Amino acid sequence: MIQFHYKENGGFYTVTLKTSETAPGTLHKMVKAMFFMGWEIVSGDIETIEEDGQFYSYDIFTLKSEETDSKIKASKLGVLMSSVFTDDFVLEEIIHHSSEIDLRNTFHLSADSRLEFEDVEFATRTKFSLEAPDRKGLLYFVTGVLKENGINIHSAKIRTDQTGNRAQDTFILSDTKGVGFAGTSLEDRVSRNILEISLNSSWK
């Protein structure tokens, strides 16, 4: 199940998504679609909610695009999102015809980037804070690393400091066992993957 709505205001688009798909990698799939359609993610609020015993991912993004046909692209985004959760082939076709360059093997963060991990909620979750120079594709890159490591994103706040042009993102995470992982080898691996991404990275 996926519900999609959007509204335009002054060139920015507020996109609301609700889906019953909550497995690790769900956010990455959404962000991947947005990236290859040329959208820039200005901000985002990602939550996992429960209704009548069913868990849903409920997400709100603020997007912008330099394209003049943004309204058409927003409508297509709804169709694409629906297709993404039923048929990966549709997304791969979009990527194949996209003018965006796949940066998964070349993306890197600058030396003044900051990553912090802290266990919260009695060590059942890990709070991951990231501050780095804002760059198109940053969220696509980071969520790809989390997906590759089997990490579940329960909630997130995506923000951009427009004055300093810096991304200020916070994620609430858990590992494959459903617990926090600050101070473990998994934290070390995630940090290393983000800061020193290998040219042979296999994440998609």
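Contact here means heavy atoms within 4.5 Å. This is a predicted model, in which local features need pLDDT of at least 70 and side-chain atom pairs count only at pLDDT 80 or more, while totals for chains, interfaces and linings use all residues. Residues are numbered from 1 along each chain as its sequence is written, and side-chain values use heavy atoms, with hydrogens and water left out.

Helices (H or I, at least four residues) and strands (E, at least two) are DSSP runs, numbered from the N terminus. Thr-16 is found in strand E2, and, leaving aside neighbours within four places in sequence, Thr-16 is in contact with Gln-3, Phe-4, His-5, Tyr-58, Asp-59 and Ile-60. Leu-17 also belongs to strand E2, which spans residues 12-19; not counting residues up to four places away in sequence, the residues that Leu-17 touches include Ile-2, Met-30, Met-34, Phe-61 and Met-81. Of these, Met-81 is 64 residues from Leu-17 in sequence, and the two are 8.8 Å apart in space, C-alpha to C-alpha.

Ten of the eleven residues of H1 are buried, so this helix is largely enclosed by the rest of the structure; Met-30 and Met-34 are among the buried ones. Just after H1, Gly-38 takes a positive phi of about 90 degrees.

**Accessibility of selected residues**

Buried means under 20% relative accessible area, exposed over 50%, and partly exposed in between (1.4 Å probe, protein chains only).

| Residue | Relative accessible area | Class |
|---|---|---|
| Thr-16 | 18% | buried |
| Leu-17 | 0% | buried |
| Glu-121 | 48% | partly exposed |
| Ala-123 | 38% | partly exposed |

Glu-121 is found in the loop between strand E5 (114-120) and strand E6 (125-133), and its phi is near 50 degrees, a positive value in a residue other than glycine. Ala-123 lies in the loop between E5 and E6 and has a positive phi of about 65 degrees although it is not a glycine.

**The second largest pocket**

On a 1 Å grid over the protein atoms alone, a pocket is an open set of points where a 1.4 Å probe fits, with protein on both sides within 12 Å along at least five of seven lines, and lining residues have an atom within 4 Å of a point. The second largest pocket is lined by 17 residues, of which Ile-41, Arg-135, Gly-137, Leu-138 and Leu-139 lie nearest its centre. Helix H1 (26-36), strand E3 (40-51), helix H4 (138-148), strand E7 (152-161) and strand E8 (166-174) each supply at least two residues of this lining.
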